[in-house]
Amino acid sequence: MTAINYNNNNLKHNFTQRFSEYYNLANIKHVLLKDTLWFDYQKSVIPLGPAKNDYSLNDYEIQLLLKKFSNSLLLRSTTGFKYSNNIENATWYAIIKDQFVDIDSIKSYEGRKKVRRGLQNCKVEKVESDFIGKYGYEVFISAFDRYKNKSKPTVTAEQFRMKYFERKSFDDLFHYWGVFYNSKLIGFAENLIYGSIEANYSTMKFCPEYLKYYPSYALIYSMDNFYLNDNKMEYVNDGFRSILHNTNIQEFLVKNLHFKKESTNLIIHYKKSLSLAISTIFPILPLRNYLSKLFPKLNALFILEEIRRSNIKSD
């Protein structure tokens, strides 16, 4: 599927062009606007690129994207890092790390202990995408056993394999890491690479029965070393604030492995029908709470709306 291009200038970043080439190969709809690729993720139109960048749009551009992605319900973007010292009051942020810290310099005793144990128990290696396609399906499926109230994905082993086979020619965009215990693959990571700016820790999956060997700590430490120490990237990013999944991994990274919260403003624009529903329901707290308990994804949407409103007030 060819990208719809609304740019007047040449692309600023080679990774943008390369991701467009991959999306064409994978038949993923995407729009190129203001030197940024936009695509649909879980019914939201979002930008592809470093979290530090400003993805603000004017009203015409917003409506253009919402029209092009007719099945999406909203557009979500951010305004770039604020580099604020008042991070405790931030409502939206990315979990990043911009300096490598070796084991002996990790301030947290728990962090040092678990990283050491993970490295003693497990072997971490950077691997090719087709290796994950061939051996990662079992890990991928078993990882969902630890997620409460979440059914296993319906993707088949062959679909899984083909996805990673297609990415073999795009090893400048997608990096893969394997975690091994006694030569058995027990976990893997998929990272999105935005030039020399950001390594986005997009996906990590582990076999639940092997978590006692601390594979995640060995993996994160090894990747931090590779990207920040060996390759001098600006920062690594574990993602934006998690509101849908019940996980304490982000707080652990901040507390024990020298990650930090970097604040940014959250921008949300709804399609008209959803905007009307949100504006009607949101002020009625009992109704909002009732619906939130029934529908976790709707609860996440209400949280995003609360953050959006707080950002408007702070501006």
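These questions and answers look at salt bridges in a predicted model.

Visitor: How many salt bridges does the count come to?
Guide: Side chains of opposite charge can pair when their charged atoms come close. Here the rule asks for a side-chain nitrogen of Lys or Arg within 4 Å of a carboxyl oxygen of Asp or Glu. By that rule, the count is 17.

Visitor: Which strand holds Lys260, the partner of Asp98?
Guide: The side chains of Asp98 and Lys260 form a salt bridge, 2.9 Å from N to O. The pair links distant parts of the chain, 162 residues apart. Asp98 sits in the loop between strand 6 and helix 3, while Lys260 lies in strand 12.

Visitor: Is Glu262 buried or exposed?
Guide: Lys260 also meets Glu262 in a salt bridge, at 3.9 Å from N to O. Buried means under 20% relative accessible area. Glu262 has 6%, so Glu262 counts as buried.

Visitor: Where do Lys114 and Glu110 lie?
Guide: Their side chains meet in a salt bridge of 2.9 Å, N to O. Lys114 and Glu110 are four residues apart, about one turn of the helix. Both lie in helix 3.

Visitor: Which residues are linked with Arg18 in a network of salt bridges?
Guide: A salt bridge needs Lys or Arg on one side and Asp or Glu on the other. In this network, Arg18 is linked with Glu21 and Asp172.

Conventions: Residues are numbered from 1 along each chain as its sequence is written. This is a predicted model: local features need pLDDT of at least 70, side-chain atom pairs count only at pLDDT 80 or more; totals for chains, interfaces and linings use all residues. Side-chain values use heavy atoms; hydrogens and water are left out. Helices (H or I, at least four residues) and strands (E, at least two) are DSSP runs, numbered from the N terminus. Buried means under 20% relative accessible area, exposed over 50%, partly exposed in between (1.4 Å probe, protein chains only).
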